[in-house]
Amino acid sequence: MPHAQMHPDTPVQTPDRLLRLLLVGAGGRGSTYAGYAVTTGRAEVVAVAEPDPIRAATALERHADAELFADWRALAERAPEADAVIIATQDVDHVEPAIRFAELGYHILLEKPMATSEEDCRAIVAAAQRTGVMLAVCHVLRYTPYTQGVKEIIASGRLGDIVSVEHLEPVGWWHQAHSYVRGNWRREDQASPMLLAKSSHDLDWISYVVGKPVRKVSSFGGLMHFRPENRPQGAADKCLDCSVESTCPYSAKRLYLSCLGDPDRERWPLGAVTEVRTVEGVEKALREGPYGQCVYACDNDVVDHQVVNLEYEGGATASFTMTAFTPFTHRKTRIFGTRGALDGDGVRVTVTDFVADLVPGDEETIVLGVDGPDAGSGHGGGDERLVDSFLDALTSGDPTRILSDPATSLESHIVAWAAERSRHTGTVQTLAG
Ligand SMILES: NC(=O)c1ccc[n+]([C@@H]2O[C@H](COP(=O)([O-])OP(=O)(O)OC[C@H]3O[C@@H](n4cnc5c(N)ncnc54)[C@H](O)[C@@H]3O)[C@@H](O)[C@H]2O)c1
């Protein structure tokens, strides 16, 4: 049974010592979480497992006293004294370390998706349950002030019973090209389907907001645009050599060179392309690596648009759309209840009360979140608060500080696989009650 969760703002006692963390995978996400943990003044990183020498060196600059290992297996072999491990390797490399570190008795902060198959997710959850360790899957959107505000409005009864939800994930045209056409999540066999790689956040978020389990799922979608047959006449394999690059919305040259001089965009997306922040460095990476490839000449197969329809226990329904072909901006949600409706843009919500707001203009608009693009602002504050909640759970020993227990995380992953089965077979999937 999912546990009742503590509000993330409820204070916990300060520990009498620093919490000790292991970091497995000092890439983009791992460094971010470890960095936040240390910044709180409540934790230290005592060991890092990272095979990439540049990333390892950067991690050691930040965590000077940490012991370095070239692989998580060597770290597990040594098993230093610590409270928890952050596992932030790539999707296919979650299952083995998650099970091993659970067996060793470490609490775990695990990046999403938990794993790339339903079987592996179940194995991770079973390992956490068997060993009694706390497992926090990084559903960062649950932790944002925006989400907590939406939850409070629903809990207050202002909307009545939720009947319908409409949710859009605007991936963003250049973000799709960066991560899901050229980048690490472009192929299902090397990462996972888009619903897990990107939209597991959304499927989890909608269920969190509705507060009921999903009973039926259907889905459509596919890879419509980023295919060889859509390649413009005269396009070259590399954007740097391309005669039509200047009119192409997906030009790697325009995207990555324009990051130079902007610290946020140098960190991401440019940080995935190269560590060298010069025109020459970027051009070398675009010439030699995957990020300079024409979007119509990649080996990508993940979808660029997908819809998922959900029916919840009790009959409420939700429709979800992910699409590449949008500005890079916050998710948009409309929630329709029996007493009111909420229209949210990721920062502010407009609430219409069906008793009080008969005349247009009577609705109330409330600012709940922080502005700025999702990734650039740490998922709207969710990254920091997730880490804080995890540290709270470690300090207090209270797993309800973590806003999704392992069984709940597993449920949202199962919904993603059901949607994929529906999309591939043209059937409605029913989930067991
Ligand atoms: N929560 C979110 O919103 C969010 C956002 C982006 C990515 N992610 C997920 O986070 C995870 C990491 O993504 P990322 O962008 O940080 O990737 P990344 O490639 O930057 O980092 C992964 C790191 O793991 C290291 N690694 C590889 N093999 C290893 C081993 N055997 N032992 C230890 N380290 C090893 C790599 O060298 C790399 O530095 C992925 O599962 C991804 O899907 C989540």
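In this predicted model, strand 11 (residues 332-337) and strand 12 (residues 340-344) are antiparallel partners joined by four bridges, and within strand 12 the residue that stands opposite Phe-336 is Ala-341. Both strands belong to an open sheet of nine strands with mixed pairing, whose order is 14-13-12-11-7-10-9-8-15. Strand 14 (364-367) and strand 15 (429-430) stand at the edges of this sheet with a single partner strand each, so one side of each has no neighbour in the sheet. Helix 15 (residues 406-425) lies across strand 8 (214-222), strand 9 (305-312) and strand 15, and the helix runs at about 50° to strand 8.

Another set of pairings involves strand 4 (residues 84-87), which pairs in the parallel sense with strand 1 (residues 19-24) over four bridges and is also joined by four bridges to strand 5 (residues 107-110), again running parallel. Leu-22 has Val-85 of strand 4 as its bridge partner, while Ile-87 stands opposite Leu-110 in strand 5. In a regular strand, side chains alternate between the two faces of the sheet. Strand 4 is covered on both faces, with Ala-84 and Ile-86 buried on one side and Val-85 and Ile-87 buried on the other.

The pairings described above are set side by side here.

| Strand pair | Sense | Bridges |
|---|---|---|
| Strand 11 and strand 12 | antiparallel | four bridges |
| Strand 1 and strand 4 | parallel | four bridges |
| Strand 4 and strand 5 | parallel | four bridges |

The ligand is surrounded by 25 residues, of which the closest are Gly-25, Gly-27, Gly-28, Arg-29 and Glu-111. Helix 1 (residues 28-39) gives the most to this shell, contributing three residues. By residue class, the shell divides into nine nonpolar, seven polar and nine charged residues.

Taken as a whole, the secondary structure of the protein comprises 15 helices and 15 strands. Its radius of gyration is 22 Å, close to the 22 Å given by the globule rule for 433 residues, and the protein is therefore as compact as a globular protein of that length. The C-alpha trace spans about 60 × 60 × 40 Å along its principal axes. Of the 433 residues, 46% are buried, and among contacts with a separation of 6 or more, 71% are accounted for by residues 24 or more positions apart.

Conventions. Residues numbered from 1 in each chain as written. Predicted model: local features only at pLDDT ≥ 70, side-chain atom pairs only at ≥ 80, totals over all residues. Helix = DSSP H or I, 4+ residues; strand = E, 2+ residues; numbered from the N terminus. Rg over C-alpha atoms; globule rule 2.2 N^0.38 Å. Buried ≥ 20, exposed ≤ 12 C-beta atoms within 10 Å, placed from the backbone. Contact = placed C-beta atoms within 7 Å. Pairing = 2+ DSSP bridges. Axes fitted to C-alpha atoms, helices over the stretch in contact; angles between N-to-C directions. Near = placed C-beta within 6 Å. Nonpolar A, V, L, I, M, F, W, Y, C, P; charged D, E, K, R; others polar.
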